[in-house]
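Visitor: I am new to this structure and would like to be walked through it with care. Could we look at the whole first and then at single places?

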Amino acid sequence: MKKVICFPSKRNFDSSEYFNNYIKIKDQLLKNVNKKELKNIIKEILIAAKKQRNIFSCGNGGSASTAEHLSCDFSKQACMDTNLNIRVFSLNSNVSLMTAIANDISYDDVFSFQLNRFGKPNDILLLFSVSGSSKNILKCAKVAKRKKIKIISFTGFDGGKIKKLSKYNINFLTNNFGIAEDCHLSLMHCISQYIRNISLTSSKKFGKITF
């Protein structure tokens, strides 16, 4: 079993060296992504788009912003100049609903409560969790399992419990939250842009549009 990459392993007062090491580890992790798993994830998203199924996303902390960012890019950027209509909804978006659930029920239920009401069989749940063990993420995954919603997760560390509950998982073996979250965001951008790239209605648009 591969070991989790620890960074930094010691204090470093040279900002240039720190930067170079940070980028080196991030690049190494991205280059080692399971390409077969990546293809399967893209396939599932395209099937969901074609059949107009819902895609839900969620995460805590920095991962919450990745879930929001994904909703934006998949709904708008990936669908522009295509015939796609990807139905993406971030479970982090409705602050009033989230705080009501957290206050009246439990913060552990902020995602599962929503998925239980809005999710349908064969929908997709995209989970972003560096630790892979956040209680509210795990509870959401269990609701997804019960409702036969497909779970795709992006994790860090050793993948945690989320990795085992997922149909597809891409894990970045690092204990560094920033590096793992950078990798998640890079992967999200890559998937979004690739889908747009293969779905453009005209090849003449290449070179004239921005990705």
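Predicted model: local features only at pLDDT ≥ 70, side-chain atom pairs only at ≥ 80, totals over all residues.

Visitor: How many helices and strands does the protein have, and in what order do they run?

Guide: Helices (DSSP runs of H or I, at least four residues) and strands (runs of E, at least two) are numbered from the N terminus. By that rule the protein comes to 8 helices and 5 strands. Read from the N terminus on, the order is α-α-β-α-β-α-α-β-α-β-α-β-α.

Visitor: How does the radius of gyration of the protein sit beside the globule rule?

Guide: The radius of gyration is taken over C-alpha atoms, and the globule rule is 2.2 Å times the number of residues to the power 0.38. For 211 residues the rule gives 17 Å, and the protein is close to that, so it is as compact as a globular protein of that length, with a radius of gyration of 18 Å.

Visitor: What share of the residues is buried?

Guide: A residue is called buried under 20% relative accessible area, exposed over 50%, and partly exposed in between, with a 1.4 Å probe and protein chains only. Of the 211 residues in the protein, the buried ones make up 45%.

Visitor: Which residues line the largest pocket nearest its centre?

Guide: On a 1 Å grid over the protein atoms alone, a pocket is an open set of points with protein on both sides within 12 Å along at least five of seven lines, whereas a cavity is a set where a 1.4 Å probe fits but cannot get out; lining residues have an atom within 4 Å of a point. Grid points are joined across faces, edges and corners, and a volume is the space filled by probe spheres set on the points, which for the largest pocket is about 380 Å³. Its lining has 16 residues, and those nearest the centre are Lys2, Asn32, Asn171, Phe172 and Leu173.

Visitor: Which element gives the most residues to the lining of that largest pocket?

Guide: Two elements give two or more residues to the lining of the largest pocket, namely α1 (15–31) and β5 (168–171). The one that gives the most, with 3 residues, is β5.

Visitor: Which element gives the most to the lining of the largest cavity?

Guide: A search of the whole structure finds 1 cavity of 30 Å³ or more, and about 50 Å³ of space lies in it. The residues that line the largest cavity include Ile41, Leu70, Phe128 and His184, and by class the lining has 10 nonpolar, 1 polar and no charged residues (Ala, Val, Leu, Ile, Met, Phe, Trp, Tyr, Cys and Pro count as nonpolar, Asp, Glu, Lys and Arg as charged, the others, Gly among them, as polar). With 4 residues, the element that gives the most is α8.

Visitor: How far apart are the C-alpha atoms of leucine 115 and cysteine 140?

Guide: Leucine 115 lies in helix α5 (residues 112–118), and it counts as buried because its relative accessibility is 0%. Beyond its neighbours within four places in sequence, leucine 115 is in contact (heavy atoms within 4.5 Å) with several residues, among them Phe56, Cys140 and Ile149. Leucine 115 and cysteine 140 are 25 residues apart along the chain, and their C-alpha atoms are separated by 7.0 Å.

Visitor: Is serine 57 buried or exposed?

Guide: Serine 57 lies in strand β1 (residues 54–59), and its contacts beyond four places in sequence include Ala67, Phe89 and Leu126. Because its relative accessibility is 0%, serine 57 counts as buried.

Visitor: Where is aspartate 81 found?

Guide: Aspartate 81 has a positive phi of about 65 degrees although it is not a glycine. At 30% relative accessibility, aspartate 81 counts as partly exposed. Its place is the loop between α3 (62–75) and β2 (87–90).

Visitor: Which peptide bond is cis?

Guide: Proline 8 is found in the segment before α1. With omega near -10 degrees, the cis bond is the one from phenylalanine 7 to proline 8.

Methods
Residues numbered from 1 in each chain as written. Heavy atoms only, no water.
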